[in-house]
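This report looks at the open spaces in a protein model and at the residues around them. Please look over the sequence and the structure before reading on.

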Amino acid sequence: MFSSSPHADFLDQWRFALAPYNLGYKVKLVSQLMYRDFLERLEPYGLTPFHYLVLCCLWEEDGLSTSGIADKLKQLGATLTGVVDRMEDRHLVYRERDPSDRRIIRIWLTDEGRKLMDILPAIGAETIQRATAGVSEADQAAVTQLLEQIIHNLT
């Protein structure tokens with residue numbers, strides 16, 4: 001039988017900061033579970049969720065520089081370079097030097113990359129709908145706002 005002890009006091013005091021109870025752990029777990037679900041849905045297209053994120057950036061603003069995409073996604077350039085390499089190999093994007101500043105390399109959608117705009121957002125929506133089943137739109141908006149504030153605080 002367990003009794004009240006300094007150990008129990010420790011748990012009571014620090015539960016908010018300990019995995020698996022803390023916010024960071026729960027956000028990581030949600031991220032992993034949603035990633036896995038979305039990855040399975042993208043498998044028939046030979047894409048990953050990271051490919052989708054890059055495509056989303058380019059659907060919004062084609063011709064972004066690699067650093068522009070990295071800034072939008074808060075990613076390191078080296079990670080993004082490999083992803084863009086694979087996307088270029090699949091003929092989804094192509095690179096072109098900026099004519100006004102040859103140091104900048106811009107990423108442009110190909111016709112194949114543009115065609116996916118008609119397919120992939122609905123697949124992403126399926127993952128979101130599965131994850132948020134039973135969660136009101138107001139609660140979804142509140143969670144999104146909370147996460148945006150946390151991201152702002154940490155960047």
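With six residues, α2 gives the most to the lining of the second largest pocket, where helices such as this one are DSSP runs (H or I, at least four residues) numbered from the N terminus. A pocket is an open set of points, on a 1 Å grid over the protein atoms alone, where a 1.4 Å probe fits and protein lies on both sides within 12 Å along at least five of seven lines, and its lining residues have an atom within 4 Å of a point.

The model is predicted, and totals for linings use all residues. Residues are numbered from 1 along each chain as its sequence is written.

Among the residues that line the second largest pocket are V30, M34, R36, D37 and R130, and α7, like α2, supplies at least two residues of this lining.

The largest pocket is lined by 31 residues, of which V30, S31, M34, L147 and I151 are the closest to its centre. Here α8 (137–154) is one of the elements that give two or more residues, and α8 gives the most, with nine residues.

Ala, Val, Leu, Ile, Met, Phe, Trp, Tyr, Cys and Pro count as nonpolar, Asp, Glu, Lys and Arg as charged, and the others, Gly among them, as polar.

| Pocket | Volume | Lining by class |
|---|---|---|
| Largest pocket | about 1500 Å³ | 19 nonpolar, seven polar, five charged residues |
| Second largest pocket | about 170 Å³ | four nonpolar, one polar, four charged residues |

Note on methods: This is a predicted model: local features need pLDDT of at least 70, side-chain atom pairs count only at pLDDT 80 or more; totals for chains, interfaces and linings use all residues. Side-chain values use heavy atoms; hydrogens and water are left out. Grid points are joined across faces, edges and corners, and a volume is the space filled by probe spheres set on the points.
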